[in-house]
Amino acid sequence: MPFNVQNFRASLVTDGARAALFDVSLVVPPVVALPGVTENIVFKARATSLPGDSVSSINVNYFGREIKVAGTRTFPDWSITVINDEDFLIRNTFERWMSSINSHVNNLRSPTMAISAEYQTNAVVRQYAKTGEIIKTYNFVGIFPTDVAAIDLDWASGDQIEEFGITFAYQWWESLSPVPTTDSVSAVSGL
């Protein structure tokens, strides 16, 4: 019999993973980081996603028949949603980071960001169990911001805290074990 609620309950031993039990950490390049920004990101990155996995398919024709072979792996952009505080600490840091990669007026890169190792870093997302243990960790390698989203202002939004999105490009992600600490994130990123 396909419907059996007892079997379903038995298979959900720990009551399922919870989407709200996570944190994000990343080490911002030192030349643009404002004091305390790394710690603030852990607390104020309100939303994100665990990475997906995608390998393209290549169609090959042979005597009128199409077969599929494995293509290349792709890594789509990754985003976080940040709670904005009145100090604008995180937003100011990311605006400085993006301006150092390509300035607004001169269309130039800062000499302190001349090579990719100077403007790329790593980020870590940790998923927690309801008991507090880390159950899954992903390391995003070689990230850099590509978009700091607008903040909507509205007189009718008196009971809301501002939020904004940050989108990153990255080279690849890794599923890590054992679980890294903030210090190991710094070591992996080389910062």
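Where in the chain does F63 have its place? In this predicted model, F63 belongs to the loop that runs between β3 (54-62) and β4 (65-74). Its backbone is worth a look, as the phi angle of F63 is near 50°, a positive value in a residue other than glycine. F63 also counts as exposed, because its relative accessibility is 78% and exposed residues are those over 50%.

A second residue can be read in much the same way. N107 is found in the loop between α3 and α4 (116-119). N107 is not a glycine, yet it has a positive phi of about 60°. With a relative accessible area of 55%, N107 is exposed. A loop residue from another part of the chain, A20, lies between α1 (5-11) and β1. At 65% relative accessibility, A20 counts as exposed. Although A20 and A33 are 13 residues apart in sequence, 27 Å separates them in space, C-alpha to C-alpha.

The largest nonpolar core holds 32 residues, and the members that touch the most others are L26, I41, W78, F94, W97, F140 and F168. Two or more residues of this core come from each of β1 (22-26), α2 (37-44), β5 (78-83), α3 (89-101), β6 (121-128), β7 (134-148) and β8 (163-169). For I41, the contacts beyond its neighbours within four places in sequence are V24, L26, V28, I90 and F94.

The helix α2 deserves a paragraph of its own. Its buried residues are V37, T38, N40, I41 and K44. Viewed down the axis of α2, these buried residues fall within an arc of 160°, so they line one face of the helix. E39 and F43, on the other side of α2, are exposed. The partners against which the buried residues of α2 pack are β1, β2 (45-47), β5 and α3.

Empty space inside the model comes next. Rolling a probe the size of a water molecule over the atoms shows where such space is left. One cavity of 30 Å³ or more is present in the structure, and the space in the largest cavity is about 40 Å³. The lining of the largest cavity is made up of K44, V82, I83, N84, D85, D87, F88, L89, I90, R91 and F164. Sorted by class, this lining has six nonpolar, one polar and four charged residues. Both β5 and α3 supply at least two residues of the lining, and α3 gives the largest share, three residues.

By class, the lining of the largest pocket divides into four charged, two polar and two nonpolar residues.

Terms used: Residues are numbered from 1 along each chain as its sequence is written. This is a predicted model: local features need pLDDT of at least 70, side-chain atom pairs count only at pLDDT 80 or more; totals for chains, interfaces and linings use all residues. Side-chain values use heavy atoms; hydrogens and water are left out. Ala, Val, Leu, Ile, Met, Phe, Trp, Tyr, Cys and Pro count as nonpolar, Asp, Glu, Lys and Arg as charged, and the others, Gly among them, as polar. A nonpolar core is a set of buried Ala, Val, Leu, Ile, Met, Phe, Trp, Tyr and Cys residues joined through side-chain atoms within 4.5 Å. Buried means under 20% relative accessible area, exposed over 50%, partly exposed in between (1.4 Å probe, protein chains only). Helices (H or I, at least four residues) and strands (E, at least two) are DSSP runs, numbered from the N terminus. Contact means heavy atoms within 4.5 Å. The arc is that of the directions from the helix axis to the C-beta atoms. On a 1 Å grid over the protein atoms alone, a cavity is a set of points where a 1.4 Å probe fits but cannot get out, and a pocket is an open set with protein on both sides within 12 Å along at least five of seven lines; lining residues have an atom within 4 Å of a point. Grid points are joined across faces, edges and corners, and a volume is the space filled by probe spheres set on the points.
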